[in-house]
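The chain is shown below.

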Amino acid sequence: MEFAILHFLQSIRSETMDWAVLFVSRLGDFGLVWIAASAILLLIRRWRMTGLSVSAALILDFVFVNLILKPLFGRERPCDIYPTEDMLIACLSDHSFPSGHTAAAFAFATALTLRHQKAGVIAFVLAVLMGLSRLYLFVHFPSDVLAGALFGILFGCLGHSLTLRLVDKKRPD
């Protein structure tokens, strides 16, 4: 079933979609867009607590997803199981489950939304696009992306909660 979804996405590829998907996916490489956005939020006094929340969420996400869960599950990527010559990016060497790009995007979006709902909507749109981009690029299974989204939401909530308890007890943002 998962390969059927992935093969369908491969069947609707176009140059424009390829470019757009690569752009979205590359935003998440190494978490750079989320780290940069967190740093900007930390620098702006009015948004500093939000910056702390999203930073905590991203740290939790990185530790659990990349250092614990991926090695624990050790799932191969679709491109390892079903090699294709028409890959837009190289098949990655780390494990597939859960999707790190998706988890980071949802962790950021969730923590941001819990502090600023309107800004979070934009982040959630980008998070959904990030997850879809990983399917389109044939580097994750749908269950990897779904798990990444769920773990990201969990770590976004935990990062927000941790910030509230440790730093922001009574201070509104």
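How many aromatic pairs does the count come to? The count comes to 8 aromatic pairs, where rings of Phe, Tyr and Trp (its six-membered ring) pair if their centres lie within 6.5 Å, with planes under 30 degrees apart taken as stacked, over 60 as edge-to-face and the rest as tilted. The model is predicted, so local features need pLDDT of at least 70 and side-chain atom pairs count only at pLDDT 80 or more, while totals for chains, interfaces and linings use all residues. Residues are numbered from 1 along each chain as its sequence is written, and side-chain values use heavy atoms, with hydrogens and water left out.

**Aromatic pairs**

Phe 3 and Phe 141 form an edge-to-face pair, at 5.3 Å centre to centre and 80 degrees between the planes. This pair links distant parts of the chain, 138 residues apart: Phe 3 belongs to helix H1 (residues 2–11), and Phe 141 to the loop between helix H7 (117–136) and helix H8 (142–166). Helices here are DSSP runs (H or I, at least four residues), numbered from the N terminus. Phe 3 is partly exposed at a relative accessible area of 25%, whereas Phe 141 is buried at 4%; buried means under 20%, exposed over 50% and partly exposed in between, with a 1.4 Å probe and protein chains only.

Phe 73 and Phe 97 form another edge-to-face pair, with 4.8 Å between centres and 75 degrees between planes. Phe 73 lies in helix H4 (residues 48–73) and Phe 97 in the loop between helix H5 (78–81) and helix H6 (100–115), 24 residues apart. Phe 73 is partly exposed, with a relative accessible area of 47%; Phe 97 counts as buried at 16%.

**Backbone exceptions**

Most residues other than glycine have a negative phi, and most peptide bonds are trans. Phe 138 has a positive phi of about 70 degrees although it is not a glycine. Phe 138 sits in the loop between H7 and H8 and is buried, with a relative accessible area of 1%. Phe 30 has a phi near 60 degrees, again a positive value in a residue other than glycine. Phe 30 is placed in the loop between H2 and H3 and counts as exposed at 75% relative accessibility. The peptide bond from Phe 97 to Pro 98 is cis, with omega near -10 degrees; Pro 98 is in the loop between H5 and H6.

**Nonpolar cores**

In soluble globular proteins, nonpolar side chains tend to be buried together. The largest nonpolar core has 23 residues, and Trp 34, Val 54, Phe 108 and Leu 112 have the most contacts inside it. Such a core is a set of buried Ala, Val, Leu, Ile, Met, Phe, Trp, Tyr and Cys residues joined through side-chain atoms within 4.5 Å. Two or more residues come from each of helix H3 (32–43), H4, H6, H7 and H8, and H6 gives the most, with 9 residues. Apart from this core lies another, of 13 residues, among them Val 21, Leu 22, Ile 89 and Leu 137.

Val 54 touches Ser 38, Leu 41, Phe 108, Ala 111 and Leu 112, not counting residues up to four places away in sequence; contact means heavy atoms within 4.5 Å.

**Salt bridges**

The count comes to 5 salt bridges, each a side-chain nitrogen of Lys or Arg within 4 Å of a carboxyl oxygen of Asp or Glu. Three of them are tabulated.

| Pair | N to O distance |
|---|---|
| Asp 18 and Arg 13 | 3.2 Å |
| Asp 94 and Lys 70 | 3.7 Å |
| Asp 94 and Arg 77 | 2.5 Å |

Both Asp 18 and Arg 13 are buried. Asp 94 is partly exposed at 36% relative accessibility, whereas Lys 70 is buried at 4% and Arg 77 is buried at 2%. Asp 94 lies in the loop between H5 and H6 and Arg 77 in the loop between H4 and H5, so the pair ties together parts that are 17 residues apart in sequence. Salt bridges that share partners also join Glu 2, Arg 75 and Asp 144 into one network.
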